[in-house]
Every structure is written in structure tokens, then in C-alpha cells.
Amino acid sequence: MTGWQRLLQAAGEPLSAFEAALDDPERAQIDLLMNILRANAESEFGRAHGFAAIRTVADYRSAVPVRVHADFESQINRMADGEAGVLTSCPVIAFEETGGTSSGTKLIPYTQESLAAFRAAVLPWLADLTRRRPGVCAGKTYVSISPATRPPRVTLGGIPVGLASEAAYLGDDLVGAFLSILAVPSEVAAISDVGAWRLATLTALIECEDLTFVSVWSPTFFLALIEAIPDHEAALVPKLSA
């Protein structure tokens with residue numbers, strides 16, 4: 001079984017669940033909200049906002065005001081220091097770091113449950129994409145989600161900043177399948193020198209004869225990357241699935 005076949009096989013159940021949810025999206029979203037509230041009712045944040053007593057969306061809106069990341073900075077710092085049960089009852093397994101804006105980079109806590117939610121969304125998307133564009137799964141893919149050339153580090157509490165690989169979004173059981181369809185070897189992401197990383201990435205992309213799919217966090221990131229290739233549209237675009 002190829003990597004693509006393994007991924008699409010795993011997508012069957014999540015796709016069925018997603019399509020069933022489309023029959024009543026409002027009910028599906030309310031059920032999801034209530035499940036999240038129940039799971040986190042005993043966290044510090046859940047107790048402070050009365051999660052256990054919330055029964056409706058209106059209750060939730062009344063109990064939990066809209067906030068921005070800065071409003072959670074002290075709690076996130078405590079989580080980064082290793083304190084449990086602050087914003088979530090579930091253990092924090094890693095932090096991701098935003099790319100940075102005028103307000104600087106921000107730490108985003110990840111739990112096993114949040115990764116499962118990514119999987120439940122990404123696999124149906126892949127299944128639908130390949131159903132509409134079968135050529136996508138005929139070759140290799142270039143995927144970039146996390147910031148490149150980021151050195152590995154941990155917080156004061158020993159929690160990793162950055163996931164082990166992009167494959168973590170799909171689950172441990174699909175790591176091998178995911179790695180097998182990559183046009184750029186996963187170890188390239190560990191290169192800390194920007195110039196060396198760019199050269200290794202572009203070399204792999206040019207040498208990949210069956211590049212059919214690109215998925216990146218920002219189109220401008222990919223365009224800026226491949227502009228270093230002379231006549232890059234002729235070199236790469238014809239390989240992609242239409």
C-alpha cells in the first residue's frame with residue numbers, strides 16, 4: 001500500500017463523520033462546543049467561567065467574553081513553566097510559535113486532543129481534494145506548516161516548542177505514510193542555516209520528477225522560495241496536478 005493509499009484509507013471514517021455533520025452543522029458545532037466544555041470544566045479557566053453550568057451557546061457567550069492572545073499571556077507562561085490544568089484539563093504536549101507580527105511571536109499550546117481535531121479536519125480535506133483532483137495522489141507533495149530553520153528548544157517546563165514534524169498533525173500511525181510522499185526529505189527542516197535550508201529544499205523540488213501537490217501556510221512564502229529558480233514556473237508548475 002502506498003503512502004497516499006494509507007492516508008486515504010485512514011480518511012474514510014473522518015470523512016464519513018464530517019459528511020454526517022453537514023446534515024445539521026449547527027447541531028454538530030453545538031455538540032462540539034459542549035464536549036470541549038465538559039472536557040475542560042475542571043481546568044482553572046473552566047472553573048472560573050462556570051463551564052460545568054453552561055448548557056447553551058447563549059450561556060457560553062455570556063460566561064466567556066471575547067479576548068485576544070495578550071489576555072492569556074500570563075496563563076500561557078505558567079503552562080510553559082510546566083503548570084498543569086490552567087487553560088485546559090488536558091496535558092500540553094507542545095507549543096507552536098506564530099511567525100511574528102508587530103506584536104512579536106506568540107506561543108500557542110497544543111494538546112493531544114487539539115492534534116486529533118487537526119486530523120479530523122485535514123484527512124477529510126485530503127480525501128475530498130483527491131476525489132476532485134485524482135492526480136494529486138499520483139506523486140509527491142511539498143508541505144510546509146511550521147517555521148523553517150527553527151532550532152529545537154523547550155520551555156522552562158521542558159515542553160517542546162514546535163512539533164516533532166508536520167506528520168504530527170495526522171497522528172503517529174500515519175507518520176510513515178506521510179513521510180513517504182514528501183518531495184523534500186523531512187530532515188531538511190532541521191537545517192538551521194537559512195541559505196543551506198533553501199538550497200536543499202529547492203534542489204529536492206527541482207529533482208522531484210513527480211511533484212503533484214504543494215501545501216504551505218502562506219502562498220507568498222512558497223513564491224518567495226521558488227523565485228530563486230530560473231524560470232521557476234516552467235520548472236515546477238507543469239508537474240503539479242491541475
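The following questions and answers walk through a predicted model of one chain.

Visitor: What are the ground rules for reading the values, and what pLDDT do local features need?

Guide: Residues are numbered from 1 along each chain as its sequence is written, and side-chain values use heavy atoms, with hydrogens and water left out. Totals for chains, interfaces and linings use all residues, side-chain atom pairs count only at pLDDT 80 or more, and local features need pLDDT of at least 70.

Visitor: How many helices and strands does the chain have?
Guide: Helices (H or I, at least four residues) and strands (E, at least two) are DSSP runs, numbered from the N terminus. The C-alpha trace of the chain spans about 60 × 45 × 30 Å along its principal axes. The chain has 10 helices and 6 strands.

Visitor: What percentage of the residues of the chain count as buried?
Guide: Buried means under 20% relative accessible area, exposed over 50%, and partly exposed in between (1.4 Å probe, protein chains only). The chain has 242 residues. The buried share is 36%.

Visitor: Among contacts between residues at least 6 apart in sequence, what percentage join residues at least 24 apart?
Guide: Contact means heavy atoms within 4.5 Å. Take the contacts in the chain between residues at least 6 apart in sequence. Those joining residues at least 24 apart make up 62%.

Visitor: What distance separates the end C-alpha atoms of helix 6?
Guide: Helix 6 covers residues 112-132, which is 21 residues. The expected span is 1.5 Å times one less than the number of residues. That gives 30 Å for helix 6, and the model agrees: the end C-alpha atoms are 30 Å apart.

Visitor: Which elements cover the buried residues of helix 6?
Guide: The buried residues of helix 6 are Leu115, Arg119, Leu123, Pro124, Leu126, Ala127, Leu129 and Thr130. Their cover includes helix 1 (3-21), strand 1 (92-97), strand 2 (107-111) and strand 6 (211-216).

Visitor: How are helix 1 and helix 6 oriented: roughly parallel or roughly perpendicular?
Guide: Axes are lines fitted to C-alpha atoms, for helices over the stretch in contact, and angles run from 0 to 180 degrees between N-to-C directions. Angles under 35 degrees count as roughly parallel, over 145 as roughly antiparallel, 65 to 115 as roughly perpendicular and the rest as oblique. The axes of helix 1 and helix 6 come within 7 Å and cross at roughly 110°. That makes helix 1 and helix 6 roughly perpendicular.

Visitor: Which residues make the contact between helix 1 and helix 6?
Guide: Helix 1 contributes Trp4, Leu7, Leu8, Ala10, Ala11, Pro14, Leu15, Phe18 and Glu19. Helix 6 contributes Arg119, Ala120, Leu123, Pro124, Leu126, Ala127, Thr130 and Arg131.

Visitor: How many residues apart in sequence are the parts tied together by glutamate 19 and arginine 131?
Guide: A salt bridge is a side-chain nitrogen of Lys or Arg within 4 Å of a carboxyl oxygen of Asp or Glu. Glutamate 19 and arginine 131 form one, with the closest N and O atoms 3.5 Å apart. Glutamate 19 is partly exposed, at 36% relative accessibility. Glutamate 19 lies in helix 1 and arginine 131 in helix 6, so the tied parts are 112 residues apart.

Visitor: Which residues do salt bridges that share partners join into one network?
Guide: Aspartate 128 and arginine 132 meet in a salt bridge at 2.9 Å, N to O. They are 4 residues apart in helix 6, about one helical turn. Aspartate 128 is partly exposed at 24%, whereas arginine 132 is exposed at 59%. The network joins Glu19, Asp128, Arg131 and Arg132.

Visitor: What N to O distance does the salt bridge of arginine 78 and glutamate 83 have?
Guide: Arginine 78 is partly exposed at 26%. Glutamate 83 is partly exposed at 39%. Their side chains meet at 2.7 Å.

Visitor: Which cysteine has the sulfur nearest to that of cysteine 137?
Guide: A disulfide is a pair of cysteine sulfur atoms within 2.5 Å. The whole structure has 0 disulfides. Cysteine 137 is in none, as its nearest cysteine sulfur is 15 Å away, on cysteine 208.

Visitor: Which residues does serine 144 contact, leaving aside neighbours within four places in sequence?
Guide: Serine 144 is found in strand 3 (residues 140-144). Serine 144 counts as buried, at 7% relative accessibility. The contacts are Glu166, Ser215, Val216, Trp217 and Phe221.
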